[in-house]
Amino acid sequence: MASQAANLWVLLGLGLAGILIMTRKLKKVVKADFGAFVERLKLLPPPQPPPPKAPHPLTALSFAISDVCWDGEPNSCIIAIGVLSEIHLFICGFDIDGFVAGFGNPDWARTHEPASQTSTVVSALVEGGATCTGRTVVDDMAFGVSGEQRHFDTPTNPAAPAWMPGGSSSGAAVAVAANFVDFSLGKLVKTRCKERAPWTLASVPSFEYLNLQHLVVVEWQLICLGTDAIGGVRVPAAYCGVLGFRPSHGTVAHTGIIPVSASLDTVGWFAREPSILRRVGHVLLQVPFAAQRNPRNVVIADDCFQSLSFPGDRVSQAVTKAVEKLFGRQILRHENLEAYLNSKVPSIKQFAAKKSNGERKSSSTNLLAYAMHILRRHEFKQNHLEWINAAKPNLDPVISAQMKGALEITDTTIDSCHAIRNEMRSALNDLLKDDGILVIPTVAEPPPKVGAKEIQSEDYQIRSCSFSSIASMSGGCQVCVPMGFHDKCPISVSFVARQGGDRFLLDTIQTLYASLQEQAELATKSSASGNSSSKETSAEMAKEKGNQAFKEKQWQKAIGFYTEAIKLNGNSATYFSNRAAAQLEMGNFLQAEADSSKAIDLDKKNVKAYLRRGTAREMLGYYKEAIEDFRYALVLEPTNKRASQSADRLKKLFP
């Protein structure tokens, strides 16, 4: 009997040990540097000019570059700019003399020689007085949007660890959001560091600068550079809750940068403070000094904020109050961007007909994003298909799928994309003439969860860049500004100026930033203290407005009203189910599936929610799950013809 008891204890102990081991394996380990950095190196600035000449503009600052060395993980130059000016800067995807740019893919690094010269952007920063100290991570071939890195560890989003950091310049955004502080400055090391260890603040040699003969401890602020074609800086800035700037196309030199899509590629940068963002802009943009101008028109795209899955009205109201406070109410203008683009960019409608053949309905920003993706895919193919065919690299499935589609792109389709881009440039110039600024959301939805299946879908790829396509396809400049949190995820707003308005936009954000943060905080507090009973009444009124808009086939407007109802009362399955119906009409199948699932969570017997989720899953290609939803709807309502017909049809196609 004693022997049996002993055996039981042994088995129990082994079982507990196994559980502990599996738990540790499944739990993601967050690195000290959040997985943002790859490697250390040193590029030193030239000596300071003798007095009375002014010191270099970036004196005492240090920067790091990402994926430009041996392993080939990320393709972004990081610049950690700090010391006396208390900044770190990071940039993305640039050549460094003597190093191999990995381009986010180990096979790229394996098949390419070290660069023979340093990119123009990195040289400008070093010559401006900054010191290059390390590299950060980018998506595979700088092609992603989510920030997922299958070849190496995906960086951890410091602002929301369970959510994706955004791409393609994921490591650079993470490095800024991580807010590393208290760094020691001592003696400079004059040789390149060749260890293959992750770059951390603790591991970098301390600095002694020129006449600085004693140890100085400062709080560093990070600023990073990254490449941005379709949102590679703006999307991760929004996901990680930092400032992100995409300059006008062609204003910052591309020499020494691995191209993704030449007609869309720009060099952008991240920061936590607008003054830092602006200071780096003055160095890289190299525009002559001019007196600062205030905006004369601030155009708020109301319909874009109404379409969001998070409280867009809270953000737009905060912007409105901040602008009124600083510049006056007279410069504010509200615009329905959907209607404006439909009237000013007629090729969008032609493109929709060619694209969808009546099978999919989309907003103009989604169609604009689709055209942008087509252009990027076509130009990426022209740049890299020969290497892909020769090297047979291990590519992220998203790239493989895009390359397969790129082979089917016709010259006629590319001509349509070019027509859209030309019309878009004219439309934005007309909208923002006379020192105008357009206010839009940065992204349409919060970041996806780590490991979410949706990041592989084309629907996600397009929707995540729907608003960033406005600046990308017009050649304009854009700043992403963090505006607090919602449901533990950062939320943001973006300001867009027409092509060439870069300095004007950076100056405006510098002026506006403090007031924006103040109003965002007040809006958050006001929202939290609202009366629940009046909220429920208001929610019902918003739902009725949504129902009326739905009957009139104004799908985007209906989504806005249902979203308003959900913000007021998030415990009603009807609101989520109704919004799912409108999302289906818009062709937003991922959002329709999510809303239907939420409705089902709130009401397990909501037949309409099962039907709508089944339809969304069918359109997304999840046929097995769709059949299950239709079958369950039949269990709840056996006479439902729609559920019966849909289930039978799918069973015949996929027995």
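A nonpolar core is a set of buried Ala, Val, Leu, Ile, Met, Phe, Trp, Tyr and Cys residues joined through side-chain atoms within 4.5 Å, and buried means under 20% relative accessible area with a 1.4 Å probe, protein chains only. The views below come from a predicted model, in which local features need pLDDT of at least 70 and side-chain atom pairs count only at pLDDT 80 or more, while totals for chains, interfaces and linings use all residues. Residues are numbered from 1 along each chain as its sequence is written, and side-chain values use heavy atoms, leaving out hydrogens and water.

**View 1. The nonpolar cores.** Start with Leu-438 and Phe-495, which touch the most other members of the 130-residue largest core. Helix H11 (residues 364-391) supplies the largest share of this core, twelve residues; helices (H or I, at least four residues) and strands (E, at least two) are DSSP runs, numbered from the N terminus. A second, separate core has 20 residues, among them Tyr-575 and Ala-626. In soluble globular proteins, nonpolar side chains tend to be buried together.

**View 2. The neighbours of Phe-495.** Leaving aside residues up to four places away in sequence, Phe-495 touches Val-319, Leu-438, Cys-477 and Leu-512, among others. Here, contact means heavy atoms within 4.5 Å.

**View 3. Helix H18.** Follow the 14 residues of H18, 555-568, which reach 20 Å from first C-alpha to last. That is close to the expected 20 Å, a span found as 1.5 Å times one less than the number of residues. Ten of the 14 residues are buried, so H18 is largely enclosed by the rest of the structure. Among the buried ones are Trp-555, Gln-556 and Phe-561.

View 4. On a 1 Å grid over the protein atoms alone, a cavity is a set of points where a 1.4 Å probe fits but cannot get out, and a pocket is an open set with protein on both sides within 12 Å along at least five of seven lines; lining residues have an atom within 4 Å of a point. The largest cavity has a volume of about 150 Å³, where a volume is the space filled by probe spheres set on the points. Gln-556 is one of the lining residues closest to the centre of this cavity. The largest pocket holds about 1600 Å³ of space. Its lining has 49 residues, with His-486 and Asp-487 among those nearest the centre, and H20 gives the most, eight residues.

How values were computed
Buried < 20%, exposed > 50% of the residue type's maximum accessible area, 1.4 Å probe, protein only.
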